[in-house]
Amino acid sequence: MRGWVLRIGQASFVLRPRALLVGGCAVLVLLLAVLAHLMFAGRPLAFGEVLTGLSGGPGAPSRLILQVQDFRLPRTVAGAVAGACLAVSGALTQNVARNPLATPEILGVTAGASLGAVAVLVLAGGGAGGLSGAAAAVGLPLAAGLGALLFGGGVFLLAVKRGSDVLDSNRMVLVGLGATAVATSMVTWLLTLGDVTNAGQALTWMSGSLNGKDWDTVSPVTVVALPLLLISAFVARWLLLGSFDDNTARSLGLPLRWTRPLLLLLAVLLAAVGTVLAGPVAFVALVCPLAARQVTGTVVAPLGVTALLGACFVVVADLVAGFVLPQALPVGVLTTVLGAPVLIALVLRSQRRTS
Amino acid sequence: MNQPILAASGLSLGFDGRTVVRGLDLALDRGSVTTVIGPNGCGKSTLLKGLCRLLKPQQGRVLLEGRDIAAFPQRELALRMAVLPQTPLAPSGLTVTELVTRGRHPRQKWYQQFSVGDEAAVAAALEATDITDLSEVALEDLSGGQRQRAWISMSLAQESDLLLLDEPTTYLDLAHQVEVLELVRRLNRELGRTVVMVLHDISLAARYSDRIVAMKDGVIMAQGAPSEVVTPELLWEVFGLRAQVVTEPTEGRPHVIPLGQESVASSV
């Protein structure tokens with residue numbers, strides 16, 4: 001065993017030193033990233049000011065509390081939770097699709113969410129000035145969530161073939177690509193309808209942005225996200241067996257007819273949650289599971305490390321994209337610019353190792 | 001107890017509306033080694049898949065210890081029978097120990113990832129297949145024979161009474177084939193496992209089995225002790241092969257000597 005075994009009474013756990021080390025480092029990096037985000041996402045605040053604002057103790061200026069707790073913290077939390085959800089969703093999708101390059105985008109979730117969001121922006125945006133107020137705070141995420149669930153759910157139902165014992169990975173990918181094409185073309189059509197301001201707002205949303213997140217959106221979605229992430233931790237032990245061939249997996253006692261649809265459902269829900277929070281932030285779902293596998297040296301991506309890497313990636317990228325670069329960008333633009341070379345490097349590295 | 005450990009009655013199997021195995025009856029005794037032989041496409045592997053529920057019967061049923069196999073939850077089935085498919089695939093980078101540990105999956109829970117029992121069973125399985133030295137080697141770095149032993153070791157770690165092996169000697173040279181079959185015999189004799197396997201080599205099947213089941217076109221043509229089943233008449237009937245059957249000198253089992261065109265002419 002490449003690891004330590006911890007036994008307490010009837011319970012036993014396998015602890016992998018390398019994964020623990022990587023996980024510990026990732027927690028540290030995430031804490032630093034969150035702190036940096038709170039300090040520098042806007043007018044620079046000192047470390048002490050952030051702490052005062054967070055604790056909100058007596059004597060803390062109410063303006064500081066408002067700034068830290070109501071303006072900056074929701075954006076930071078949204079980035080971290082969205083990153084974790086998208087990354088775990090990516091790991092699950094890659095496992096179910098049996099393809100290391102599969103992402104939740106092929107499940108139709110992302111395109112469905114975009115369709116919902118763009119529909120609200122274009123159809124309800126009205127004249128000049130774009131969407132604002134309650135429609136932006138509640139209507140937009142709600143529509144994105146509905147779109148994601150509608151398309152993701154549709155793909156899920158069509159992928160599970162009636163009468164068949166096992167969910168066919170190829171069938172799922174094909175159905176997902178079809179659904180994505182449908183949603184994408186409808187988005188394009190919607191964009192031609194609205195006026196320029198609305199279309200611009202829609203395009204920003206579609207590139208993935210954390211701009212203007214507030215607790216009205218972030219808290220309910222986070223409340224949904226955390227149990228989903230927790231459930232993922234319990235089903236993680238199916239992932240290794242699921243990457244064997246189907247017959248071997250079943251012979252080893254894994255009831256694929258339940259486990260694979262459940263994993264797919266979980267992947268759809270997590271992707272929906274992540275996309276509602278941050279828009280379709282590209283490359284997080286693709287790169288984080290691959291990176292987690294490589295740094296921990298395990299056969300399947302450990303979900304805890306994957307989630308932490310996803311959270312770090314989005315929080316840091318948002319800080320850099322929004323507040324460090326001379327021209328503020330949506331976070332999704334930066335994750336794409338950073339993610340693409342990282343992906344190429346990871347693929348090249350893994351190929352060199354196997355050749 | 002004379003109840004067969006595994007029995008099929010009126011079993012028909014197939015896929016996509018096609019029927020490959022037709023109304024087959026079979027009973028396997030506890031503690032025996034049974035080998036299914038037959039020409040390509042006769043339904044041997046399909047039968048094995050049906051016996052372990054990787055394929056749902058079109059008709060008939062399979063009884064495991066007297067209980068319909070359809071009623072077993074997947075995990076309980078895995079506790080009672082270990083199955084090695086013909087060409088199993090493992091994710092790349094997996095080490096031998098990691099593979100063998102998967103055999104413990106039916107006994108593990110999220111809070112029981114590697115119990116004392118798991119550790120002992122994995123060590124014993126590695127020992128029995130003589131790959132303890134290779135335990136930290138990645139599967140893709142093993143030779144064909146070593147890899148096959150690693151897979152069998154995984155099935156062994158399941159600690160099930162029944163072991164189903166679909167062509168465990170495919171792609172192996174003769175020495176490695178014998179090595180795998182010697183292992184199967186040892187598992188049967190020393191650990192009391194009941195083994196069902198599919199083999200292509202009739203002589204090796206005769207040598208290492210208590211019972212031979214000869215199939216053609218989805219039905220059983222003959223079954224019984226190797227010396228009863230492996231005869232020139234049956235080989236002609238089942239395989240369309242002209243052959244002499246001699247008794248091999250070491251264990252007194254039947255041994256097949258195929259005859260070419262010329263030898264057929266000269267022996268007549």
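Modeller: Two residues are in contact if their C-beta atoms, placed from the backbone, lie within 7 Å. This is a predicted model, so local features need pLDDT of at least 70, side-chain atom pairs count only at pLDDT 80 or more, and totals for chains, interfaces and linings use all residues. Residues are numbered from 1 along each chain as its sequence is written, with chains lettered from A and ligands numbered from 1 in the order in which they are written.

Colleague: OK, what does B:Asp210 touch, leaving out residues up to four places away in sequence?

Modeller: B:Ser32, B:Val33 and B:Thr34.

Colleague: And where does B:Asp210 sit?

Modeller: In the loop between helix 7 (202-208) and strand 9 (211-216) of chain B. Helices (H or I, at least four residues) and strands (E, at least two) are DSSP runs, numbered from the N terminus.

Colleague: Switching to chain A: at what angle do helix 1 and helix 3 of chain A pack?

Modeller: About 145°, with the axes 9 Å apart, for helix 1 (residues 17-40) and helix 3 (residues 62-97) of chain A. Axes are lines fitted to C-alpha atoms, for helices over the stretch in contact, and angles run from 0 to 180 degrees between N-to-C directions.

Colleague: Which residues make that contact?

Modeller: A:Leu30, A:Val34, A:His37 and A:Leu38 from helix 1 of chain A meet A:Val68, A:Arg72, A:Leu73, A:Thr76 and A:Ala80 from helix 3 of chain A.

Colleague: How many residues does each chain put into the contact between chains A and B?

Modeller: Chain B gives 27 residues and chain A gives 24. On the chain B side, helix 2 (74-80), strand 6 (81-84) and helix 3 (96-102) are the elements giving two or more residues.
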